[in-house]
Amino acid sequence: MRLYSLSVLYKGDPKAVLLKAAYDVSSFSFFQRSSVQEFMTFTSQLIVERSAKGTRSSVKEQEYLCHVYVRNDSLAGVVIADNEYPSRVAFTLLEKVLDEFSNQVDKMDWPVGSPATIHYAALDGHLSRYQNPREADPMSKVQAELDETKIILARKQNSCCAIM
């Protein structure tokens, strides 16, 4: 499970504007990193432009899964992850990031903003923290502990049956 990109965009009338983004392209070769990052930026903008306001959706692009959430106030977030990353955790992350962003960045700056002019530094931290969804998301953590408990109980039950 891996997150590659976390982007915040503004869904403008003609096209989407990238406001801030964080990327983890360390798994790609050095010579591919810039083109992979451009691909992720382009794909994020394209998906936001084609999504309606107030919607959440997941789009498969090659071996990646792009999760997009466009709020009614035209603020949008995109997570690009591999196919194994849980979509519920991705949408939880998007909702959290967009809420924080809207509280910290003035709404007047959204239509005219760019990554250089928008001051919001939390994306890199969220991207690294959510690389492991079981640690970042409390619901996933509880589910993992429940799965471990089931396995232990099944082993105990089998060992008790084998003794008899």
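Biologist: What makes you say that strands E4 and E5 pair, and which way do they run?

Modeller: This is a predicted model, by the way. Two strands pair if DSSP finds at least two bridges between them. E4 (residues 64–70) and E5 are joined by seven bridges and run antiparallel, so by that cut-off they count as paired. The hairpin of E4 and E5 has four residues between the strands, and Ser-74 takes a positive phi near 75 degrees in it.

Biologist: What joins E5 to strand E1?

Modeller: Seven bridges, with E1 (residues 3–11) and E5 running antiparallel. Ser-7, for instance, stands opposite Val-78 in E5. E1 is also joined to E2 by seven bridges, again antiparallel, and there Leu-9 stands opposite Leu-18 in E2. A hairpin of four residues connects E1 to E2.

Biologist: Why is E5 called largely enclosed?

Modeller: Buried means under 20% relative accessible area. Eight of the eight residues of E5 (residues 75–82) are buried, so the rest of the structure largely encloses it. Strand E2 (residues 16–23) is mostly covered, with six of its eight residues buried.

Biologist: How do you know that the length of helix H2 agrees with its residue count?

Modeller: H2 covers residues 87–104, which is 18 residues, and at 1.5 Å a residue it should span 26 Å. Its end C-alpha atoms are 26 Å apart, so the two agree.

Biologist: Which residues of H2 are buried?

Modeller: Val-89, Ala-90, Phe-91, Leu-93, Leu-94, Val-97, Leu-98 and Phe-101. As background, an α-helix has 3.6 residues a turn, so residues three or four places apart point the same way.

Biologist: How many aromatic pairs are there, by your rule?

Modeller: The count comes to six. Among them, Phe-30 and Phe-31 are 5.6 Å centre to centre with 80 degrees between the planes. Over 60 degrees counts as edge-to-face, so that is the name this pair gets.

Biologist: Why are Phe-30 and Phe-31 called exposed?

Modeller: The cut-off for exposed is over 50%. Phe-30 has a relative accessible area of 62%, and Phe-31 comes in at 73%, so both labels follow. As for Phe-101 and Trp-110, they form a tilted pair, 6.5 Å centre to centre and 35 degrees between the planes. Phe-101 and Trp-110 are both buried.

Biologist: What makes Arg-56 sit over the ring of Tyr-69?

Modeller: The distance part of the rule is within 6 Å of the ring centre. The charged end of Arg-56 is 4.3 Å from the centre of the Tyr-69 ring, and sits over it.

Key: Residues are numbered from 1 along each chain as its sequence is written. This is a predicted model: local features need pLDDT of at least 70, side-chain atom pairs count only at pLDDT 80 or more; totals for chains, interfaces and linings use all residues. Side-chain values use heavy atoms; hydrogens and water are left out. Helices (H or I, at least four residues) and strands (E, at least two) are DSSP runs, numbered from the N terminus. The expected span of a helix is 1.5 Å times one less than its number of residues. Buried means under 20% relative accessible area, exposed over 50%, partly exposed in between (1.4 Å probe, protein chains only). Rings of Phe, Tyr and Trp (its six-membered ring) pair if their centres lie within 6.5 Å; planes under 30 degrees apart count as stacked, over 60 as edge-to-face and the rest as tilted. A charge sits over a ring if NZ of Lys or CZ of Arg is within 6 Å of the ring centre and within 35 degrees of the ring normal.
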